[in-house]
Each structure stands twice: as C-alpha cells, then as structure tokens.
Amino acid sequence: MFIAPDPGRTRLRSASRAVLGIAGAVAAVAAAGLPLPAVVVGGLAALLALFVVTDRGPGRQAVTTALMPAAGFPVLALAAWLHPYPGARDAAFLAVVFAGVYARRWGPRGHALGVFAFMMFFIAQFLRAAPGLLPELYGAVGLGLGCAALVRFGLWCYERGALPAPAVALPQTRGLRRPTTRQAFQAVLAAGIAVAVGQALSEDRWYWAVGTAWWIFVNTTSRGETLVRGFRRVLGTVTGIIAGLAVALPLHGATAPTAALVAVCVFGIFYTAPVSYSWMMFFVTVMAGLLYGLLGILHPGLLALRLGETAVGALGAAVAVLVVLPVSTHAATDAWIGRALRAVRDFTGEAARHLAGGPGDDLARHVAELDALLERVRATVAPLVHPLSPLRRRKARARTVLALLDECARQVRGLAEVVADPRARHDERLTAACRRVEIAVRRLVPPDAAGSGTPVPGAAAGESAGPHPHADRALEHLHGLETALAGLAVPLGASVRQETAVGPA
C-alpha cells in the first residue's frame, strides 16, 4: 500500500471520487427523508457502483451502471419475500451465488451485475428486510446509483479521453473446466458450507460467512491463489476488528465522527484494493464496525462473531477449491506467463512495423495489455512467493521469473518511448533484433501454443542501415529484452509449454 506505484495518480483519484460519490448518495437519501437503514443501503449501492463497474470506457461503464437495478431489484424482492422461509431463502441464495459467478463469462459487465445481485440478497439479510420495506429500499438504491453515476460520469470523469485499460479475459478451456463454470460450482459448495456452519454459529449473522466465501472467489484462478486470498481476508478482518474495538466502540454511534471515519475507510478501501487485499479488508472491517455502531447494535461480541463467520467462509472456500475441479497454481501461472510472453512478441512486431513505416497505432495498447497481464501473473504466483510458503526452491524460482518479466516490461516501455518519437526510422539491425526476440519467445512458448505471429517486416529498398541515435536506443532495449528472455529459459524450463490445465484464450 505504501510503496506500490500509482501511475497517473489513478488510485488516488479513484479513492477521492469514491468518497465524493458515496457522500453525495448518503446526503441525497437522507434529504429524501428515508430512515437510517435506507441511508446505509444507498451509500453501499453507490460504493458498489463505483467499485465493481470496470468496463472499458465511460460509455460502457454507464450502461452497466444503468443495468444494475434490473439485476438487483428482483433479487432484493426475492430475498425479502423468502426471509420467513429459511429453507427456500437459503436455496435461493445459493442459486444467486451460482448465477452471479457464472455471469462472469460475459466479461466485466457480467461480473459487475453478478456482484450487485449477490450484494442485494446479502443486504436483505443484513436488514432482515420484509416486503413492506421494498419501496424505500428501491428508492435508496436508485438514489445511490444515481449519485454515483452523476459523480463518475459527470462531475469527475477523469477517464474520458484516456486510453482505456485493456480487458484481460481468463484463459478458457472446455466444459466444466471453463473458469466461470468451475468457479460457479466451487462457489456454490463454499457458500453451502458457509450457510450450514455459519447458521450453526449464529442464526442472525450467518450471511457474513457467505459473503466471505463469495468475495474470496473474485479475481482468483487457482487453488493456491484462492487459499492465499482467504488467509489475507482473515488477516485483514483480525486487524480491522482490533482497530474497530479501539475506534468504533468508544464513539457509541456518534454521527459526525462516525461519518468522518467512514469516509476515511471508503478512501482506504479504494486506494488499497488494487495492491493489497489485506489492507482493503482492514478498512472494510473497520467500516462495518462503524456502521453497526451507527445503527446502535455494535458490541465486542458482534466483532468476535464477525471473525468467526469470516473464518467459516474462508474454510468453505478452501474446501471447495481443493475438492471441485482444482486448478494448480503451477498450471494457472504457466497460462498467464505464456500470455505475457506473447504480448512481448506482439509488441515487438508492432514496433518493427511502425519503424518500417506502418502506423503503429496499437503500441500503447500493447504496453497496457502487457502491464495488465503482469498484474495477473503477480496475483497468480502470490501463493509461491508468500512469506509462509514452505517451498523455498519454487519461491526462489518464482521471484526470478517475476523479476525477469518486470525487466521485459521495463524494456518494452523504453522501446515504446523511442519508437513513438517521430524522428525514429527503420534500421536493418532493428529488424534482426526483433526477429531474435520473436525466436526467443518461441523457444519459451512454441508456435502451436503462441500462434504463428505476424512476420517482422524487412528493410525497404534504399533505406539506410547506418548509425542513428534513435536506432541505437531501440537496439539497447531490444538487447535488454533478449537478455531477459534468455534468462527466463532456465527458471521456466518447459513448464510454459505445457498449458493444458488452463489453456490460452
């Protein structure tokens, strides 16, 4: 959280905008004369809209935000009507879990709508909502989404005109081993365990265990990654409870200081989420304690119960990923590393074509795609480099791979800067170097897995191959790429060639 880079101050702006949007939603719901529980619901709806909508570009994000009531309102009504019937309610909750995870196959929009639908059922349990409460809850959710949209797409749309972040889809395979299908069944088993054990622990707060199981499966692809995420969730919850005892309890629900601290927690959630799941959960747990204090139901036993329910949800997730179609960390990591290496190859070919006179319009897109893929590599390899991992040799090998991939990314960014200069021109030495990079990638990821690629163009007749400052700088970056790729051959060995468990998209 403290040393991670924040290019373009994106995390800072996202966190600041979230505070503004959620504060506006809370103020709007309160001004409408709705009771305090509805005010909380309106703020949570705005938080979800600002947090889970990640489509490429403001236009698509606005459409997804507009569709949220269509996904959430029927689920909220279902939860309210079924609340007096525990068996039917639990079965419906599990069905919502399955549908919400399965919807991720439709990309960021499916993911966002699935999360929103799940959270509407969760909120109904939190409030013990009855059908008579639905009109005010619908009003609160609508106002919350509207305020979030106003701030995000009107008052502070810093994404407008910027290069949209690339969409990095999960590697796909057939049948039940498709990630969305596999995770849907895993999530249902985890949620079923959470319901059963969570209700044995508490008839009133069992849904916290289901919420834990649900969120652990977000953005994970392997059993190791899921287990580490569960550990980090428990760690963040423990530290958040300690802070809640020190901060939330003494306030006794006082409105002004509670609201100020909730704003701090919202900022912390958005600022830390991209880089530290433990810190994000710390702020979520503190915020939950503050909201319980605001509603007048906070006490030490409730915070201890939250820890117990969190542990139950993490246990359910662990059992599910170990039993239902498990995907090893090794297989998932290989798939993402292979995609990252192909992105290096694609960028190099695009750079060579640009130097040969082509448009080179996709250079920035290729760089952004590589950065996104490396984030996925880091997330997937996290179990191997975790401080508690006992596999020392694999940990050392994983750290070497990460360092060399980071070096590839550094050289790609430097080459992109050189190639984008209008004074840059073609050089036969660059063509040869680009071909060597492509060959190096093919040695790590063979053609049948990586694709044949596009041939690197040769020098046009009459072009000078003499020394040129920009060509020399480009050559330095290409040689750096060659060196890093050659270094990867030892720690990777033949592992990247065996992308069978989780194949490329």
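## Salt bridges in a predicted model

Arg413 forms a salt bridge with Asp371, with 2.8 Å between the closest N and O atoms. This pair links distant parts of the chain, as Arg413 belongs to helix H15 (residues 392-420) and Asp371 to helix H14 (residues 363-385), 42 residues apart. The structure is a predicted model, in which local features need pLDDT of at least 70 and side-chain atom pairs count only at pLDDT 80 or more, while totals for chains, interfaces and linings use all residues. Residues are numbered from 1 along each chain as its sequence is written, and side-chain values use heavy atoms, with hydrogens and water left out.

A salt bridge here is a side-chain nitrogen of Lys or Arg within 4 Å of a carboxyl oxygen of Asp or Glu. By this rule the count comes to 14 salt bridges. In general, side chains of opposite charge can pair when their charged atoms come close. Helices (H or I, at least four residues) and strands (E, at least two) are DSSP runs, numbered from the N terminus.

A second salt bridge joins the side chains of Asp55 and Arg109, at 4.0 Å from N to O. Asp55 lies in the loop between helix H2 (36-52) and helix H3 (58-82), and Arg109 in helix H5 (residues 107-127), so the pair ties together parts that are 54 residues apart in sequence. Val63 and Arg109 are 46 residues apart in sequence, and their C-alpha atoms are 8.9 Å apart in space.

A further salt bridge is formed by the side chains of Arg410 and Glu407, at 2.9 Å from N to O. Because Arg410 and Glu407 are three residues apart in helix H15, about one helical turn separates them. Elsewhere, salt bridges that share partners join Glu375, Arg378 and Asp406 into one network.

The table gives the accessibility of residues named above. Buried means under 20% relative accessible area, exposed over 50%, and partly exposed in between (1.4 Å probe, protein chains only).

| Residue | Relative accessible area | Class |
|---|---|---|
| Asp55 | 7% | buried |
| Arg109 | 27% | partly exposed |
| Arg413 | 39% | partly exposed |
| Asp371 | 26% | partly exposed |
| Arg410 | 47% | partly exposed |
| Glu407 | 25% | partly exposed |
| Val63 | 39% | partly exposed |
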